[in-house]
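Hi,

Here is the structure I said I would pass on.

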Amino acid sequence: MDNVYHRYLKLPFQIARPPVVAYEVSQDWKHTTLRGKYQDPNVEAWLEKLGLDCLKTEVFYTPPNGSVPIHTDDYDSTSNSPDDHVKINMTWGAEEATVRWWASEKIETWQDGNDYSTNPILLAKEEDSTFLFERNTNRPSLLNVGILHSTHNPTNEPRWTVCFVPGYRRKVIKLKTALKVFEK
């Protein structure tokens, strides 16, 4: 089976941990969209050089011994099923902490009505899902976030992730396109 989930990226710069990561360490997972609050000039310039935009910047927190539930990120609401699109993630935390990808026949649709999702996202419970793939993202990573995925942090360390949504003409891009664009 082809890896349709994750690839490590060799970037010509370091992604800096955003100074806006100001969550208190807690027992709950957290997410925020950094729209207008933070931009990484290196990421922005690199994407622009490749003919892409940075549609959104986000931060995720996975608590010690915790996880972010199984979900997709914004998806094409006309299909009512997981789609294929990517984000670039950089995580700080324990090497044992990972992103996991899943398949499930029992999927719920959810939309928060706030700044997280423009379109609905899909949710699934672990007990109703089949584990597919897992990777640590403590180095720059290209992730397919249209497929059900979660975070897993089995350590006593907090886990922080910044992610950038690359786009072309204000639309998310598919993994196949991203692999061609980021090939070099």
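Bear in mind that this is a predicted model. I started with strand E11, which covers residues 149–153: 4 of its 5 residues are buried, so the strand is largely enclosed by the rest of the structure. Buried here means under 20% relative accessible area.

What does E11 pair with? One partner is strand E4 (residues 66–71), which runs antiparallel to E11 and is joined to it over 4 bridges. Strand E6 (residues 98–104) also pairs with E11 in the antiparallel sense, again over 4 bridges.

How many cavities of 30 Å³ or more does the structure hold? There is 1, and the space in the largest cavity comes to about 120 Å³. It is lined by 13 residues, and those closest to its centre are Phe60, Asn89, Val99, His149 and Thr151.

Which strand gives the largest share of that lining? E11 does, with 3 residues. Strand E5 (86–92) and strand E12 (159–168), like E11, each supply at least two residues of the lining. By residue type, the lining of this cavity splits into 6 polar, 4 nonpolar and 3 charged.

Cheers

Note on methods: Residues numbered from 1 in each chain as written. Predicted model: local features only at pLDDT ≥ 70, side-chain atom pairs only at ≥ 80, totals over all residues. Heavy atoms only, no water. Buried < 20%, exposed > 50% of the residue type's maximum accessible area, 1.4 Å probe, protein only. Pairing = 2+ DSSP bridges. 1 Å grid on protein atoms, 1.4 Å probe; cavity = no way out; pocket = protein on both sides within 12 Å on 5 of 7 lines; lining within 4 Å. Points joined across faces, edges and corners; volume = space filled by probe spheres on them. Nonpolar A, V, L, I, M, F, W, Y, C, P; charged D, E, K, R; others polar.
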